[in-house]
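Good morning, everyone, and thank you for making the time. Please look at the structure on the screen while I talk through a few of its side-chain contacts.

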Amino acid sequence: MTNHLVDNIIPQQPPIEPQSDAHVVKARLEWGEPAFTILDVRDRESYNEGHIMGAMPMPTDEVVERAASSLDKSRDIYVYGANEEEGAQAAQSLRSAGFMHVSQLKGGLGAWKAIGGPTEGIIEAMTPPGRGDYNVVSRLKEHAETQSKDV
């Protein structure tokens with residue numbers, strides 16, 4: 001007899017889209033949703049300078065081989081590269097290799113930074129924190145100010 005207790009406690013995630021907005025990924029991280037991976041397919045030097053916190057480095061030319069040896073093919077995977085084309089190419093390569101839930105992160109690292117997503121790396125460590133980096137209220141005020149400038 002199969003025990004489906006976990007199925008009743010942890011809701012199934014909807015399938016991820018072929019392309020995802022940075023807000024979607026950030027929301028999943030903030031809510032502590034399990035079982036997804038972020039892959040940075042840029043070169044090692046770019047990765048070391050700065051990347052999404054927790055992203056795994058897997059350069060485009062090695063992404064399929066390395067992912068196949070370390071990730072389950074049913075895992076949710078978000079991919080970003082140096083540009084949209086590189087991210088799309090890596091995502092398609094993974095899909096062609098049998099990975100079922102792969103999504104390209106639209107806008108890559110730039111989009112991630114624009115919404116205040118956490119980053120790490122050599123250059124990121126040298127960048128002084130903004131006023132909202134430690135305080136949710138300040139982040140909301142900063143967001144409201146940015147929105148009012150765009151209008």
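Predicted model: local features only at pLDDT ≥ 70, side-chain atom pairs only at ≥ 80, totals over all residues.

Let me begin with Arg28 and Asp76, both of which are buried, where buried means under 20% relative accessible area, exposed means over 50% and partly exposed lies in between, with a 1.4 Å probe and protein chains only. Arg28 and Asp76 form a salt bridge with their closest N and O atoms 2.9 Å apart, a salt bridge being a side-chain nitrogen of Lys or Arg within 4 Å of a carboxyl oxygen of Asp or Glu. This pair links distant parts of the chain, with Arg28 in helix α2 and Asp76 in strand β5, 48 residues apart; helices (H or I, at least four residues) and strands (E, at least two) are DSSP runs, numbered from the N terminus.

Residues are numbered from 1 along each chain as its sequence is written, and side-chain values use heavy atoms, leaving out hydrogens and water.

How many salt bridges does a search of the whole structure find? The search finds four, and among them is the one between Lys26 and Glu30, at 2.8 Å from N to O. Lys26 is buried at 13% relative accessible area, whereas Glu30, at 53%, is exposed.

Another salt bridge joins Arg42 to Asp40, with the closest N and O atoms 2.7 Å apart. Arg42 is buried at 11% relative accessibility, and Asp40 is buried at 0%.
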